[in-house]
Amino acid sequence: MSQKFKNKIDVYTGKLLRYGVLVSCGITVFGGILYMFQYHGKMPDYSPVPFGEPFGVSENLRGISGIVRGLLKLDGASVIQLGIIVLIATPVLRVAFSAVAFLIEKDRQYFAITVTVLIIIIINMIFGLH
Amino acid sequence: MEILFIILFCGGILAGFVGSLTGLGGGVVVIPLLAIGLGFDMRYAIGTALVTSIATSSGAAAAYIRERITNIRIGMLLEIATTAGAVFGALIAVYLDKKYIAVIFGCVLIFSAIRTVLKRETKHSDSSASKLAEKLNLNGCYPAANSKIIDYKVKNVAGGFSIMTLAGALSGLLGIGSGAFKVLAMDTVMKIPFKVSTTTSNFMVGVTAAASAVVYLQRGYIDPGLAMPVVTGVLSGAYFGSKILPKASAKKLRLLFGIMILSLSILMIYNGLTDKM
């Protein structure tokens, strides 16, 4: 396949990464401003918790449904979490994007390689759900 | 809280700068800052470091692709190894005490730090590539500092692939990008030029970290109050890092890289021995 087409794929992949990071950063900063007003003066406790005891951020900040509910109330912490989800999705989308690019390029070998990576990522996410 | 935000933001700038320059990812600075500097729970440190690694990786990768240094095919092929390794690492993390993992990891890192600092500049001009590299279309070229285009051939694909599996397992286990191992596999084993290795490693770290980050988010290890200042700081730092990389010399990068993994290894061993993990 032509060098020109290869260059195009590289340019679009770069753009995808850049916009993903910029959008994520924008959402996170907006959430941060809300967070500063809503949690003003409060010092959260991050000190070590013994293994086995309840640990972590509140339940509603751990999943999409809780975060969406928080977004409707313009909760700063939920808006930040949305920005982080966009950030996590960016490299995964990049792999999906590359798969399509290799398919258009008719590079079957690298299409198969890229799809394999996607499948492994999905397996990894499912394994984490227990 | 406002003072904590400022400290975290400045720490993030430093992490992003170092992470993008070395290809190590931002976690190297973020984990010690949160876990030892500020005395926070290790799990919050790991959760924040993972998000940081994705930000540095994606942010800097966007710039590197434009500079035409990254080899996407090498990255994609080796991502099979790192992501599969990450699944394996996450599985054994459930059964193995983190204390031992930290000590073993620290020892391996000291070994690679010494190797990196003592090693002389590798000659990459040898024209023979491995058959597998030829078949997988991995050989490439990149623009050097003096605007010359340098061609390179890839060797020992199987060896590099094995070390990448180990790198992936370690990131699944410890929540870091383990860019150190990624660079080692590409630079030392596969004989890919150092600049191509660091940028391709940087490009890959995000994908491996993203897979684990979903798990950490569901477990509640990613705290918005920590992630916001650190991530924005890291992105600013990574931006400066990516501006400097095409101009920086491989020798200086290697030294910086060696010092970074050495401090990381000492920290990991210390944490393991004092039960801080």
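**Two chains and their interface**

Chain B first: its accessible surface comes to about 10,000 Å². Carbon and sulfur atoms hold 67% of that surface. Keep in mind that this is a predicted model.

Now the fold of chain B. There are 11 helices and two strands. Start at the N terminus and the order is α-α-α-α-α-α-β-β-α-α-α-α-α. So much for the order; next, burial. Chain B has 277 residues, and 64% of them are buried. What about contacts along the sequence? Take the contacts in chain B between residues at least 6 apart. Of these, 79% join residues at least 24 apart.

On to chain A. Here we have four helices and zero strands. The pattern along the sequence is simply α-α-α-α. Chain A has 130 residues, and 40% of them count as buried. For contacts in chain A with a separation of 6 or more, 61% are between residues 24 or more positions apart. The accessible surface of chain A is about 7,400 Å². Carbon and sulfur atoms account for 71% of that area.

Now the interface. How many residues of chain A are in contact with chain B? The number is 62, and they meet 60 residues of chain B. Interface size is often given as the accessible area lost when the parts come together. For chain A and chain B, the buried area is about 5,400 Å² between them. Of that, 71% is on carbon and sulfur atoms.

There is a polar side too. Nine residue pairs are in polar contact between chain A and chain B, counting pairs with both residues at pLDDT 80 or more. Three salt bridges cross the interface. One to look at on the screen: E105(A) with R73(B). Their side chains meet at 3.5 Å, N to O.

Which elements of chain A give two or more residues to the side that touches chain B? They are helix 1, helix 3 (76–104) and helix 4 (108–127). Helix 1 of chain A gives the largest share, 15 residues.

Stay with helix 1 of chain A, residues 3–38, and find I33(A) in it.

Key
Residues numbered from 1 in each chain as written. Chains lettered and ligands numbered in written order. Predicted model: local features only at pLDDT ≥ 70, side-chain atom pairs only at ≥ 80, totals over all residues. Heavy atoms only, no water. Contact = heavy atoms within 4.5 Å. Buried area = accessible area lost by both parts, 1.4 Å probe. Salt bridge = Lys/Arg side-chain N within 4 Å of Asp/Glu carboxyl O. Polar contact = N/O pair within 3.5 Å; in protein donor to acceptor, adjacent residues only side chain to side chain. Buried < 20%, exposed > 50% of the residue type's maximum accessible area, 1.4 Å probe, protein only. Areas by Shrake-Rupley, 256 points an atom, 1.4 Å probe, with all protein chains shown as cover.
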